[in-house]
Amino acid sequence: MRAWYILRSRLRSVFFRDRREDDLSEELRLHLERQTEAWIAQGIDPAEAKQRGRRQFGNIESLKEESRDARGLATWDAIVRDTRHAARRLVHDWRFSVPAVLLLGLGIGANTAIFSVINAALIRGSSLIDVTGLVEVFPNGRSGAPMLATYPAYQDIAAHTEVFASAMTASMPDAVTYRDGSGMRQGVAEFASASYMDVLGLRPSLGRWFTADEERPGAGLVTVIGHRIWTTRFGADPAAVGRTLHIEGQPVTIIGVAPEGYNATAKLGVVTDFWMPPQAFAVMRGVPRVLERNAFEAPFFVKARLRDGVTLAQARAAMDSLSRRLAVEYPKDEPGKGITVLPAGEVRIHPGIDGFLKGVASLLVGVLAIVLAIACSSLATLLLVRASARSKEVAVRLAIGATRRQIIRHLLVESLLLSLAGGAAGCTLAWWAVRGIAALDLPITMDLSVDVTVLMYALTLSVFTGLLFGLAPALKATRLDLTSAIRQDGEDGGSRRRFTLRNGLVVFQVTVSVVLLAATGVFLQAVTAARAQRVGFAVDGVAMLRTDPRSAGYADGRTAVLFDELRTRIGRLPGVDTTVLVRGVVMSPAGLPVVLEGDDTSARSTRDAGSIWVDTGFFEALDIPILFGRAIDDRDRPGAPATAVVSETMARQYFGAVNAIGRRFRIEGEDAWVTIVGVARDTGTDSRVDDLVDPTPRLFFRSFRQAGHQPTGVLARTSGDAERLLGPMQRELLAIDPQLPIAMARTMAQELDASLLLPQAVAGFLGGIGVLGLTLAGVGLYAVIAFTVARKSREIGIRMALGAGRGDVVGDVARDVAAVLGAGAATGLTLAVLVVLSMRAFSNPAPGVVFFSPSVDPLQLLAIVGFILAVGVAAAFVPARRAAKMNPLSALRHE
Amino acid sequence: VSDQTDLIQGTLDLLILRTIALEPMHGWAIAQRIQQISDESLRVQQGSLYPALHRLEHQGWITAEWGTSEANRKARFYSLTKAGRRQLEVEVSKWERLSAGVNLVLQRT
């Protein structure tokens, strides 16, 4: 009951403010009236009585104030008043507040944008799935650590119906190409079981999921498309269901659309475009083995629902006995190291990956912290400068009776208001950034959004920034000596010292920015080094065109004819010197485990090598010299003994001699021996980044014709400009059959450059933050210097009156700037050099493995110093000019 | 006016609660009643009365309504809430302990 009275009283106080005030005035008026009457009744003169009443009552306004205090309105009132006052002040001082809000907006915006990536990849789950009773099952590998399952292993697990009510599987996301009109696009596919939706408790938003029959090999290919791709590529047209699509050249019927808001099995923020039955996996990879127990890789996630009343321990026991049984039945393929069962809530993606993801997250959080620190210290610098500039105002307010608490509250409200405005600006920026990323046409779609979690993060960040970095200036501003602050606005006690809190913050910002810029430099060095590497094959004048005849309905026989005609036509184009048919991405090796003849097979001694498909004329067209033996040619046809050309390094490392002609090896899991007929000089690959890590990869080249494969494209070499060949090549293709899609048309130079996109993006990202940081530091520095000049105006005036020239005054300002920047630059550069040197120490972690080794590049360091100088000059220019233009007389009279 | 006894902090609350425990009263009447009953030895300053009334209301011990007084005049009437009644008992026993203590000190020294 009392709570109700309190609540009523407080609500009235806040919401019926005016009525409460009226009540009080009325009550006091009535009281006075009665008192006056009482005195008159006692025989006092009416005029005298009135005056006495007024005297006794004292100050009605202060009485009202006291009553309000008693009602607990004081704090609320004060906060409202402070907010209004602060808002008015900030609008009035827009020259300060607009840059401050922009600075904060940039900092908080960058932070929020990065956080939205972390949120999508590492925090957000799917609210659509009920995880109670859902478990994730991971067969353990030979090391005993949980791995993924093979398809037969999944079937064995699902057969344990005494513990699992139902089980489903889905493969790791796989990149596929699909035909989109006249072109080809990259998409993300998952190969999943018919039970997928039931186990997760989901329903397609349109159409149906695949049936157990469609999961069996030989059934027609079907797909359920993602909700995202349905809206973006199919215009959310319900008629998309029933349509046929070409994925990896195979005709696939769309039978349904996944639920809205469901992205993928793996909660990585990546959006899956196609779900297909596992048998489609075998068809599209062209290898039935991917679904066998002895597959090269086990790509399947398994999730199951526990039967009612079955405990986790019972499920684990059942899986242990399954593991032992399989090890007995399939001793070659099943290690028998147990099967890990974990509640779905405890796994994000996979126990083996989750740790790595956390590592990536902490790296991103580290970057976040740096951006945040820069943004916060900029705000703190600005607020400190502002607080110092207002020390006179604060002193006056303290002198006329404001308490220290009131002033701190006022200053805090002001910085909170600033940081919240900055937060709002930041969210807008982050929202734009996220939308910008979404609008990019990337092969992988990330489901990024500024959702409630992200907004809460930005809000927390803003409040935290406002409080933390408003507090120090507020405390400092109120801890001053009243009389001296009011009397003089010349040098305050601290300004003679070079290393105040203000300067310290700027030094910190410069340091961090310099380290970031130096890191950018290292990445740029890596990119330059990667570009400068010897590729070992022809790049200039090489143009490539890929198509996908299967998606236009071509059978193998027609495909062969088509490519022969295409090659002839392109060969006749003006300027074309050589042409060769290619399969897949040129010079992009597929890693395969190989077994060498004579190796001890029982020890499972496989080695890794990269396989590249070639055709007659490949080595000539790409200028790769054959050191021993012969190149792949027309003798290597189907039916002839399997042959390969190996790279120099593969020959030396695996066969002990460069001349390895006649030696044999086989691909692990295949029976046929491959005889080496030639050794080619070492080359790099199409990935400049891979080459940086391993400049002489172990490669073997085989004839795709001999293996019974079809070509997928044509490579043409010209002595002229390869880029100008791309148009005519595409026209020749469409002239043969306008139905044929263009899967890719680029020059070799473009192909190699594309592999540098990631390090370039990282360099751009770090460099962007570094430049942003130094710019912010520059703004802070400007504020500090401008403030110092204003405070020292009297000192400057006196010195000029005593004969100091303008140059001396400007020199003074310049010395201040140089001291702060010099300290920051020196610390930053020292740190950067240390980091580079330690990276050099780690660049050779094992014999034979050489990572890129960065060097201390004087030119880069010089560029950084130059940038700092430019920032310093920009920051000091206006204040220095003001100092130099100062009229000694008016400066002295300024008091 | 200066010979009046200043009320000890907190005592005024007790007096107000006790006074309006009998019947709802308006501010002026509360001050009058306290003055009368204490034989003019306790005088309540308006400057402390109204803040005290608002404080008590804010704490939920008393509640106020506009009404008409004996002479058919408008006035704001204060009455005790249930919590106020309990609080009055607490305050009374507190006061008794205090005054007994003070008396003991005065008698034994």
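Angles under 35 degrees count as roughly parallel, those over 145 as roughly antiparallel, 65 to 115 as roughly perpendicular, and whatever is left is called oblique. Keep that handy as you tour this predicted model.

**Stop 1: two helices**

Select residues 556-571 of chain A, which is helix α19, and then residues 723-736 of chain A, which is helix α23. They pack at an angle of about 140°, and their axes are 10 Å apart. So α19(A) and α23(A) lie oblique to each other. Turn the view and you can follow α19(A) as it passes α23(A) in a right-handed crossing.

Now show some side chains. On α19(A), the contact is made by A:Leu562, A:Glu565, A:Leu566, A:Arg569 and A:Ile570. On α23(A), pick A:Met729, A:Glu732, A:Leu733, A:Ala735 and A:Ile736.

**Stop 2: a sheet**

Next, colour the four strands of an open sheet in chain A, in the order β2-β11-β1-β12; their pairing is antiparallel. Which strands stand at the edges? They are β2 (164-171) and β12 (339-343) of chain A; each has a single partner strand, so one side of each has no neighbour in the sheet. From one strand to the next, the twist averages 25°.

Zoom in on β1 (residues 134-139) and β11 (residues 300-306) of chain A, an antiparallel pair joined over four bridges. Click A:Glu136, and look across to β11(A) for its bridge partner, A:Lys303.

**Stop 3: the helix on the sheet**

Methods: Residues numbered from 1 in each chain as written. Chains lettered and ligands numbered in written order. Predicted model: local features only at pLDDT ≥ 70, side-chain atom pairs only at ≥ 80, totals over all residues. Heavy atoms only, no water. Axes fitted to C-alpha atoms, helices over the stretch in contact; angles between N-to-C directions. Left-handed = near helix turned anticlockwise from the far one by under 90°. Contact = heavy atoms within 4.5 Å. Pairing = 2+ DSSP bridges.
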